[in-house]
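User: I'd like to learn how to read a structure feature by feature. Can you walk me through one, with the general idea and then the case at hand?

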Amino acid sequence: MKINLAVTGLNASDSPGPGLGIIKCLRAQTRFDVRIIGLAYDAKEATIYVENACDEVYLIPYPSAGVEAFKSRMREVVQRAKVNFFLPALDSELANALAMEAELKSLGVRTFLPTAEMIEMRSKLKLQELCRKARLRYPQTIEISNYDQLFAGARRLGYPCVVKGIFYEAVIARNDADLDKAARAISFRWGFPLLLQQHVPGEEFDIAIAGDGEGRMIGITAMKKMALTDKGKAWGGMTIQSPGLFACCRRLMKHLEWRGPMEAEIMRCEKTDQYYLIEINPRFPAWIYLSHGAGCNLPELLLQHLYEKNRSRSSTVFARPGTLFLRYAQDMIISMPEYESMLMSGELRRGAPTVIESTARVTRRRSTPGTPAETSIRTRKKEARS
Amino acid sequence: MGKKMADRFNILASGLIIDLVSGRTFSANPTGLVTFRGIMEGRKKAQLVADLVKEFEIDEKTATRDVEEFLVELKSFHLHED
């Protein structure tokens with residue numbers, strides 16, 4: 001079966017998006033004939049240029065540009081690249097993707113996204129309530145609306161405690177000075193409220209899951225983080241099989257009836273051996289290629305669930321434990337015509353000739369969303385000759 | 001306990017022990033490895049002692065002390081329970 005699959009999250013920095021991992025999973029499977037259409041926000045997102053990653057790439061506007069800009073560009077991309085499946089890979093894209101879900105369907109593009117309600121339930125502010133309802137442990141957490149509440153909150157929890165931004169970042173504070181510094185830095189970036197959370201000492205696990213939307217897990221890959229970046233992101237890890245961890249995930253998925261990809265972060269307390277849910281992200285993690293290595297290719301399983309009606313829907317596929325991954329950074333030499341094409345036309349189509357106009361004069365170009373250069377300055381041929 | 005342990009741990013050819021539940025890895029000296037393999041096979045303490053006596057030609061008292069110390073150490077790492 002042929003699928004023209006559009007995927008985002010192509011940035012491949014030290015805190016990479018999941019796009020490249022998802023693409024590697026899709027390239028590694030043989031069940032579906034997948035054409036990869038990369039959607040990037042910036043011409044410098046490295047996955048655009050990785051060999052054998054994307055067949056075509058299109059720049060799209062940042063989510064902050066609003067839903068209409070996103071819809072307009074997606075209509076163009078869907079038409080040009082004949083997209084028939086869209087897999088957004090970043091949290092911040094989901095609101096726009098959901099707003100366009102019905103229209104995409106009418107254009108012949110399938111999605112498999114969590115609902116707005118599911119996304120709201122997993123937000124940091126609602127996670128405590130979700131855990132209570134799903135009978136999962138969650139570290140004691142206090143919402144901090146201003147600085148005056150900060151130290152009182154820390155006194156209630158005791159040190160060490162964790163200071164969290166409403167969207168991103170978490171820092172362990174071991175004393176008042178740490179707390180003050182972390183709270184100021186995080187609130188500067190993300191604003192209030194902050195969350196102050198009981199610190200759970202122990203081991204951190206990261207779990208990638210595909211949910212079937214009816215409360216079951218299509219597949220699950222659980223990983224122990226073995227190497228971290230300074231931002232706490234996984235730079236290496238190993239798949240594990242932990243009945244306690246799986247039971248938590250099963251309960252979570254059953255309660256949420258989660259549809260599509262999910263990443264859950266769970267701590268096991270070293271003192272009590274109990275599991276605490278820390279965070280849920282509504283997407284695949286950047287390390288998703290490990291799922292393929294461990295025999296549980298989650299992007300492939302997701303497509304199988306959607307496109308192969310005969311597949312058994314009752315059994316969950318578990319990753320083989322003891323599979324190890326390590327990430328590495330690599331320098332690439334980028335083809336200037338490809339970079340130029342991304343910058344100037346906002347797209348790159350491999351196999352198709354890249355057309356760079358050489359007419360001479362200063363023109364106002366039609367703005368391609370996401371393309372940095374709105375005005376292209378071209379030199380008249382005769383001026384260039386002189 | 002033996003089957004539970006056998007499901008949980010992988011011992012590689014080099015002697016590296018992988019805990020498939022926690023994702024941690026361990027190494028043990030030769031006597032530790034023999035004892036650990038014995039635990040995974042479900043052998044009782046007396047049998048573990050006998051294994052060490054046979055394998056390493058040490059007296060029973062020394063082997064008993066080794067096994068007991070090793071079991072305490074495993075417990076401290078949450079790797080084994082009585």
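This is a predicted model: local features need pLDDT of at least 70, side-chain atom pairs count only at pLDDT 80 or more; totals for chains, interfaces and linings use all residues.

User: Let's start with sheets. What is the strand order in the open sheet of five strands in chain A?

Analyst: You read a sheet by walking across it from strand to strand. Here the walk goes S4-S1-S2-S3-S16 in chain A, and the pairing is mixed. At the edges sit strand S4 (85-87) and strand S16 (347-349) of chain A, each with pairing on one side only. On average, neighbouring strands of this sheet are turned by 20° against each other, direction ignored.

User: Which helix packs on that sheet and touches S4 of chain A?

Analyst: Helix H1 (residues 19-28) of chain A does, and besides S4 it touches strand S1 (2-7) and strand S2 (33-40). The direction of H1 makes about 170° with that of S2(A). Helix H11 (residues 298-307) of chain A also lies across S1, S2 and S4, running at about 140° to S4(A).

User: And in which sense do S3 and S16 of chain A pair?

Analyst: Strand S3 (residues 56-59) and S16(A) are antiparallel, with three bridges between them.

User: What about the side chains along a strand, where do they point?

Analyst: In a regular strand they alternate between the two faces of the sheet. For burial, look at strand S13 (residues 275-281) of chain A, where seven of its seven residues are buried. S13(A) pairs with strand S12 (residues 259-269) of chain A in the antiparallel sense over six bridges. A:Glu265 has A:Glu279 as its bridge partner in S13(A). The hairpin of S12(A) and S13(A) has five residues between the strands, and there A:Asp273 takes a positive phi near 65°.

User: Now the aromatics. How do I describe a ring pair?

Analyst: Use the distance of the centres and the angle of the planes. There are eleven aromatic pairs over all chains. In one of them, A:Tyr41 and A:Tyr62, the centres are 5.0 Å apart and the planes are at 15°, so the pair is stacked. A:Tyr41 lies in the loop between S2 and S3 of chain A and A:Tyr62 in the loop between S3 and helix H2 (67-81) of chain A, so the pair ties together parts 21 residues apart in sequence. A:Tyr41 is buried at 8% relative accessibility, while A:Tyr62 is partly exposed at 43%.

User: Why does the pair A:Phe70 and A:Phe86 count as tilted?

Analyst: The planes are at 40°, so the pair is tilted; the centres are 6.3 Å apart. A:Phe70 belongs to helix H2 and A:Phe86 to strand S4 of chain A, so this pair ties together parts 16 residues apart in sequence. Both residues are buried.

User: Which rings have a charge sitting over them?

Analyst: One is A:Tyr307, with the charged end of A:Arg110 4.8 Å from its ring centre. A:Tyr307 is also linked by ring pairs to A:Phe32 and A:Phe85 in a cluster. Another is A:Tyr147, where the charged end of A:Arg184 sits 4.7 Å from the ring centre.

User: Last one: is A:Lys224 buried or exposed?

Analyst: Buried, because its relative accessible area is 11% and the cut-off is under 20%. A:Lys224 is in strand S10 of chain A, and its contacts include A:Glu203, A:Glu204, B:Ser22 and B:Arg24. For contrast, A:Glu214 counts as exposed at 52%. That residue is in the loop between strand S9 (202-212) and strand S10 (217-228) of chain A, and its side chain makes a polar contact with the side chain of A:Arg216 (3.3 Å).

Conventions:
Residues are numbered from 1 along each chain as its sequence is written. Chains are lettered from A and ligands numbered from 1 in the order in which they are written. Side-chain values use heavy atoms; hydrogens and water are left out. Two strands pair if DSSP finds at least two bridges between them. Helices (H or I, at least four residues) and strands (E, at least two) are DSSP runs, numbered from the N terminus. Axes are lines fitted to C-alpha atoms, for helices over the stretch in contact, and angles run from 0 to 180 degrees between N-to-C directions. Contact means heavy atoms within 4.5 Å. Buried means under 20% relative accessible area, exposed over 50%, partly exposed in between (1.4 Å probe, protein chains only). A polar contact is a pair of N or O atoms within 3.5 Å; within protein, one must be able to donate a hydrogen and the other to accept it, and residues adjacent in sequence count only if both atoms are side-chain atoms. Rings of Phe, Tyr and Trp (its six-membered ring) pair if their centres lie within 6.5 Å; planes under 30 degrees apart count as stacked, over 60 as edge-to-face and the rest as tilted. A charge sits over a ring if NZ of Lys or CZ of Arg is within 6 Å of the ring centre and within 35 degrees of the ring normal. Lists of a residue's contacts leave out its neighbours within four places in sequence.
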